[in-house]
Every structure is written in structure tokens, then in C-alpha cells.
Amino acid sequence: MSLTNDYIKQRLVEKFGEELTSFEEPFGILSFTAPAALNLKVMQFLYDDEELQFRFLTDLTAVHYPHQADAELAVVYHLYNFREKVRLRLKIFVPVAAPKVFTATKLFESANWMERETYDFYGVEFVGHPNLKRILNVDEMTYFPMTQGIPAGKTRRVLIRMTRCLDAKY
Amino acid sequence: MARPVQHNTKVKMVEIPKGYSGEGFFATTFDKAIGAARKNSIWPLPFATSCCGIEFMATAASHYDLARFGAERMAFTPRQCDLLMVMGTIAKKMGPVLRQVYLQMAEPRWVIAVGACASSGGVFDTYSVLQGIDQVIPVDVYVPGCPPRPEAILDGFMRIQELVGQESLRRRHSERYKDLMNSYGIQ
């Protein structure tokens, strides 16, 4: 029997009940939101379960939603089941003021690099990461460049001014 | 039948610096003689990081022929070079490397920033790109263009030649030059 999104959802709801929310299937990939404290438990369950077997971390990144109070940063995990060729997307939300997330490095070695990258660009603190420091940007950088609200560069300032001029004209 | 080997009969000579000449002697100043020698034997160090580097390769190849200016001798060790040619986007992480290369060059040394990126960051107005190499090292000539055509690079090179030929031998010991170096934190 092939692994269907409905079955995965059913198993997750059986195990975690009301904790998991916002089930969606954009582009056919099952996506859902978990409480930040449960990220490891959910992934461990998906990893260990004999039928689900999500044992590969395809991608890990963050998204900044500046207007969502107390849930500005989303950390997104893309998991993959090699045997059934099924993908899955897990999101957790944390406030930008205290972006603490448990590290997935104990479960997936590949999370080491990706969590450092996510820290570098979004400032997400992965609690328990063995070497959480900048990986791509210069060490002297004092901000997290992919979070929104940092001052606009000269090109963006010009674009904003041009847009204003056009708005005034038409 | 024509000979198989043809000789270039249109050899151009560099102009002799101004001076006094008579039968069996020629007198001029050290500034001019050394300037003429230096400007016609510049050893460039190509620091090519992106598309401007490709344009530079065309500049150095036979069609545009940088060798006409006495600069065919590229060297890839900074210690032998006179002219640092920075061609392409310099990421902030590359900044210290570029500075190190500059510091390893012996005086007198010149720098040419080729293209929009090396001069000002160009279209890469972003957190990871150095907004012009003059934030880390002093620059003598800026060549505009994205990328500049080989003619523009040659024009920039000829302007460097002008600077080299006219430079006073005392310039590198002057207070003004020391102030410039100090403003970049170079002793």
C-alpha cells in the first residue's frame, strides 16, 4: 500500500491530537504546523514509525512574517520518505524576540549546516546545536540579513521613491 | 616568391622624455626617465572575480592586445606586480583577501577598479557585497561599464600609464600619501 497524505494525517492526529494544526496540501505536499516545543517529538515519530519512515531532511529554512505578533519567524522542515517517495512539510512558529528552537542535529546530521545557515540569515537560535555560528556571512555582521525591517539599500530606496512619484502622478 | 616569414615594419617607439640633447649626450630628470620606463613596463596582477574578468581576457588576448602597452607580463604573485586590476564583484568575505593582496604588493603600486561592481558594488546593492573596493584599498582609476568593453579597459589602463609616467619620485614619501594610507589603516 502506498503512503497517502490522508493516512499520514490520520496517523499524526492519532498520535498528537489537537496539537497539530493548519493541515494543507499545497502542490500535493502535506503541510502542517506544530507547537515549537514539539518539533523534535513530531519528527522523531515520523522518523521511527515503521510505516511513515521520514528519514531524510531535504531542507530546513525560516520565513519572516513581520506582521504576525509573537509568531514572526516560521521554521520550515522538509522531510522525505525515500522508500515511498513522499514529501512532507512541517512548520513551527516562534516569536522574533526569543527565537529558540530545539536542534534537529541529533536526528539528522544534515541539520548541522542548515541550522547554521538559518541562524546566520534569520537569527533563529537552535538550542543544543554543537556549533551555532555564522556560516556564509562575514563574522562581523551585526544583523540577520533576511529578516525584514533592516534599512533599505540604495537600490531599494530609489525604487521606493520612484514608486511614490508614479503614485503621485497617476 | 614572398618570404614565409614576415617582419613587422610598423614598430612604434615610445616618445623620448623632454630634455636637453646634444652631440653624444642627453640630459633629463630622473622623474621623467624613470616614469617613462615604469609606464611602459607595468606588470599587472589580474584579480578577476566575474564577467569583467572575461572582458579582461579579451583585452589581454591578441585582438585588443594589452602587450602593446608593455603589459603582457601578467604575474600571479602580488610581490612582483605594479598594478592591481580588480575586475568583478567583491563580496564582503573577499574584502580581507583583496586587502592582503594589496598589502603584499611592493611600492610603488597602483590599483584600477574595472567595472561597476568593483567601483561601487554595481547592481549588487546587498548585505553580502562590498560597495566599492575603495572601502578597503585606495583606487587610482575607475573604469565604468557593466562590464566595460575592452576599449574601456584599455582607456583605463592608459590613464594609469599617465599617472605612472607623471608621478613624482617623492610622492610615496609625502605626508599626503601617508595620510591616505593611514585612512585605510595601512602603515
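This is a guided tour of a two-chain model, stop by stop.

The model is predicted: local features need pLDDT of at least 70, side-chain atom pairs count only at pLDDT 80 or more, and totals for chains, interfaces and linings use all residues. Residues are numbered from 1 along each chain as its sequence is written, while chains are lettered from A and ligands numbered from 1 in the order in which they are written.

**Stop 1: chain A as a whole**

Select chain A. Its C-alpha atoms fill a box of roughly 60 × 45 × 30 Å, taken along the principal axes. Color by secondary structure to find 4 helices and 7 strands. Helices (H or I, at least four residues) and strands (E, at least two) are DSSP runs, numbered from the N terminus. Along the sequence the pattern reads α-β-β-α-β-β-β-β-α-β-α.

Of the 170 residues in chain A, 24% count as buried. Buried means that 20 or more other C-beta atoms lie within 10 Å of the residue's own; exposed means 12 or fewer, and partly exposed is in between, with C-beta atoms placed from the backbone. Take contacts in chain A between residues at least 6 apart in sequence: 51% of them join residues at least 24 apart. A contact here is a pair of residues whose C-beta atoms, placed from the backbone, lie within 7 Å.

**Stop 2: the sheet of chain A**

Show the strands. An open sheet of 5 strands runs in the order β1-β2-β5-β4-β3, with mixed pairing. Strands pair if DSSP finds at least two bridges between them. At the edges sit β1 (21-24) and β3 of chain A, each pairing on one side only. From one strand to the next, the twist averages 15 degrees.

Now pick β2 (residues 30-34) and β5 (residues 86-94) of chain A. They pair in the parallel sense over 5 bridges. A:Leu30 stands opposite A:Leu88. Axes are lines fitted to C-alpha atoms, for helices over the stretch in contact, and angles run from 0 to 180 degrees between N-to-C directions.

**Stop 3**

Go to A:Ser22 in strand β1. Its phi is near 50 degrees, a positive value in a residue other than glycine. A:Ser22 is exposed because it has 10 C-beta neighbours inside 10 Å.

Move to A:Phe27, in the loop between β1 and β2 of chain A. A:Phe27 is not a glycine, yet has a positive phi of about 55 degrees. With 7 C-beta neighbours inside 10 Å, A:Phe27 is exposed too.

Then select A:Glu51, in the loop between α2 (39-48) and β3 (56-64) of chain A. A:Glu51 has 11 C-beta neighbours inside 10 Å and so counts as exposed.

**Stop 4: the core of chain B**

Switch to chain B. Which residues touch the most other members of the largest nonpolar core? They are B:Leu84, B:Met85, B:Val86, B:Ile112 and B:Val114, out of 37 residues. A nonpolar core is a set of buried Ala, Val, Leu, Ile, Met, Phe, Trp, Tyr and Cys residues joined through C-beta atoms within 7 Å. Elements giving two or more residues to this core include β4 (83-87), β5 (110-114) and α5 (150-166) of chain B.

Zoom in on β5(B): 5 of its 5 residues are buried. B:Trp110, B:Ile112 and B:Val114 point one way, B:Val111 and B:Ala113 the other. Strand β4(B) runs parallel to β5(B), joined by 5 bridges. B:Met87 stands opposite B:Val114. Beyond its neighbours within four places in sequence, B:Val114 has contacts that include B:Cys52, B:Phe56 and B:Ile153.

**Stop 5**

Select α1 (residues 30-39) and α5 of chain B. They pack at an angle of about 155 degrees, with axes 7 Å apart. That makes α1(B) roughly antiparallel to α5(B), a label for angles over 145 degrees. Residues of α1(B) such as B:Gly35 and B:Ala36 belong to a group that meets B:Gln161, B:Val164, B:Gly165 and B:Gln166 in α5(B).

Two cis peptide bonds come next. One joins B:Glu107 and B:Pro108, with omega about -5 degrees. B:Pro108 lies in the loop between α3 and β5. Another runs from B:Cys146 to B:Pro147, with omega near -10 degrees.

Finish at helix α6 (residues 175-183) of chain B. The number buried among its 9 residues is 0, so α6(B) lies largely in the open. Just after α6(B), B:Gly185 takes a positive phi of about 70 degrees.

Methods:
Two residues are in contact if their C-beta atoms, placed from the backbone, lie within 7 Å. Angles under 35 degrees count as roughly parallel, over 145 as roughly antiparallel, 65 to 115 as roughly perpendicular and the rest as oblique.
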